[in-house]
Amino acid sequence: MSGLAIVVIGRSGQLALALQANPGPHRLIPLSRPQVDLADPGNLEPALRAAQPDVIINAAAYTDVDGAETHSELNAAINAGGPVALSTIAAELGTPLIHISTDYVFDGTLGRPLTEADTPNPLSAYGEAKLAGEALLDVHPNAAVLRTAGLVSPAGRNFLTTILRLARDRDSLNIVANQTLTPTSADDLATAVLKVAENLTARPDPDLRGIFHAAGAGPLSWADFARAIFDASARAGGPTANCHDIPAADWPSPAQRPADSRLDSSRLATHHGARLADIRTRLDDLVRRALVAERKTTR
Ligand SMILES: NC(=O)c1ccc[n+]([C@@H]2O[C@H](COP(=O)([O-])OP(=O)(O)OC[C@H]3O[C@@H](n4cnc5c(N)ncnc54)[C@H](OP(=O)(O)O)[C@@H]3O)[C@@H](O)[C@H]2O)c1
């Protein structure tokens, strides 16, 4: 496949960095603030016209789930208004668009892995705004929305780096055991996103457009996820801590999260040929790289 020119909105986020680390044959053009601001979409059009991309990937979002409860205007602007404005411009330019959404559009009460046919019912302001952002499909039919979950990577702020940092100072951590999700490696999501980009530019099939779940294959509670991270850390000579299971009710947080938001990503596999691994098979590599990154920043 010959390389595509791909604009990536967002530069230093987990997915944006994973895309830039492994672009394959493609030329990535990261656009971020102050050049391009999803909260103030006026500057999007000139930047996109100048870049002339074959595909646009929106890897940017307001991702502070608890902060979104109070910063409601910013959350709505970046997660709902910005993506819809972006898709209006992409449609005018005739450029395919890939946007990332979340398992938090669901309330997590069904008790089985969720498919694209299941009805969203967000519990949080973040989930509500991300669901509103999915309306970009109404203005741009040549688009794909990939809902992912529990993204982790070796650097930046995420569950993996946070609990490794906490384990440096504490012997025991309280971790929520009654919320289950399908955690996802940002590297695997990046690979899937590029595959979708290639397919959207190569084939007009309607089956390649619309909503897709794009999460890791293995469901875990946050507590079991933490234990798996510490097992990998122990193998790599990194920090570990005992995980003490607690219910979500004992971890008061501004935003309510779904109890069971496992995503079934088989539609993505069927139509785009992209399969995301069980996060447990990625943890030795991710933890080893996280420990290296940690050493570099503390030097
Ligand atoms: N993290 C998760 O666990 C998770 C779970 C489910 C879904 N998702 C979704 O997955 C996608 C990628 O998440 P991530 O974890 O990679 O995010 P992240 O690491 O928090 O990075 C967010 C990115 O958004 C950019 N950004 C924030 N506000 C912006 C604005 N006003 N205009 C332009 N760019 C802005 C940041 O820009 P700078 O480069 O300028 O800093 C950064 O690159 C998002 O759509 C998120 O909602 C994430």
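Asp 118 counts as buried, at 11% relative accessibility. Buried means under 20% relative accessible area, exposed over 50%, and partly exposed in between (1.4 Å probe, protein chains only). Asp 118 sits in the loop between β4 and α5. This is a predicted model: local features need pLDDT of at least 70, side-chain atom pairs count only at pLDDT 80 or more, and totals for chains, interfaces and linings use all residues. Residues are numbered from 1 along each chain as its sequence is written, and side-chain values use heavy atoms, with hydrogens and water left out.

**Loop residues and their contacts**

- The side chain of Asp 118 makes a polar contact with the side chain of Arg 112, at 2.8 Å.
- A polar contact is a pair of N or O atoms within 3.5 Å; within protein, one must be able to donate a hydrogen and the other to accept it, and residues adjacent in sequence count only if both atoms are side-chain atoms.
- The Asp 118 side chain also reaches the backbone nitrogen of Thr 115, at 2.8 Å.
- Ser 261 lies in the loop between β12 (242–246) and α10 (266–272).
- Ser 261 is buried, with a relative accessible area of 2%.
- The side chain of Ser 261 makes a polar contact with that of Asp 103, at 2.8 Å.

**Ligand site**

- The ligand is surrounded by 26 residues, and the closest are Ser 32, Asp 37, Thr 63, Tyr 126 and Lys 130.
- A residue counts as near a molecule or strand if one of its heavy atoms lies within 4 Å of it.
- By type, the shell around the ligand holds 12 nonpolar, 10 polar and 4 charged residues.
- Here Ala, Val, Leu, Ile, Met, Phe, Trp, Tyr, Cys and Pro count as nonpolar, Asp, Glu, Lys and Arg as charged, and the others, Gly among them, as polar.
- α1 (14–21), β4 (97–102) and α5 (125–133) each supply at least two shell residues.
- β4 gives the largest share of the shell, 3 residues.
- Helices (H or I, at least four residues) and strands (E, at least two) are DSSP runs, numbered from the N terminus.
- From the side chain of Lys 130, an N or O atom is 2.8 Å from a ligand oxygen.
- The protein covers 85% of the 900 Å² of accessible area that the ligand has on its own.
- Accessible areas come from the Shrake-Rupley method with a 1.4 Å probe; for residues, only the protein chains shown count as cover.

**Helix α8**

- Helix α8 (residues 186–202) has 17 residues.
- From first C-alpha to last, α8 reaches 24 Å, close to the 24 Å expected at 1.5 Å a residue.
- The expected span is 1.5 Å times one less than the number of residues.
- α8 is mostly covered, with 12 of its 17 residues buried.
- Among the buried residues of α8 are Asp 188, Glu 198 and Asn 199.
- At the start of α8, a side-chain oxygen of Ser 185 comes within 3.1 Å of the backbone nitrogen of Asp 187.
- Ala 190 lies in α8 and is buried, with a relative accessible area of 3%.
- The C-alpha atoms of Ala 190 and Leu 19 are separated by 5.2 Å, although these residues are 171 apart along the chain.

**Annotated domain**

- The unreviewed UniProt entry annotates residues 6–289 as "domain: RmlD-like substrate binding".
- UniProt positions are given in the numbering used here, feature names are shortened, and annotations may be inferred rather than shown by experiment.
- The span 6–289 is 39% helix and 17% strand, and its end C-alpha atoms lie 27 Å apart.
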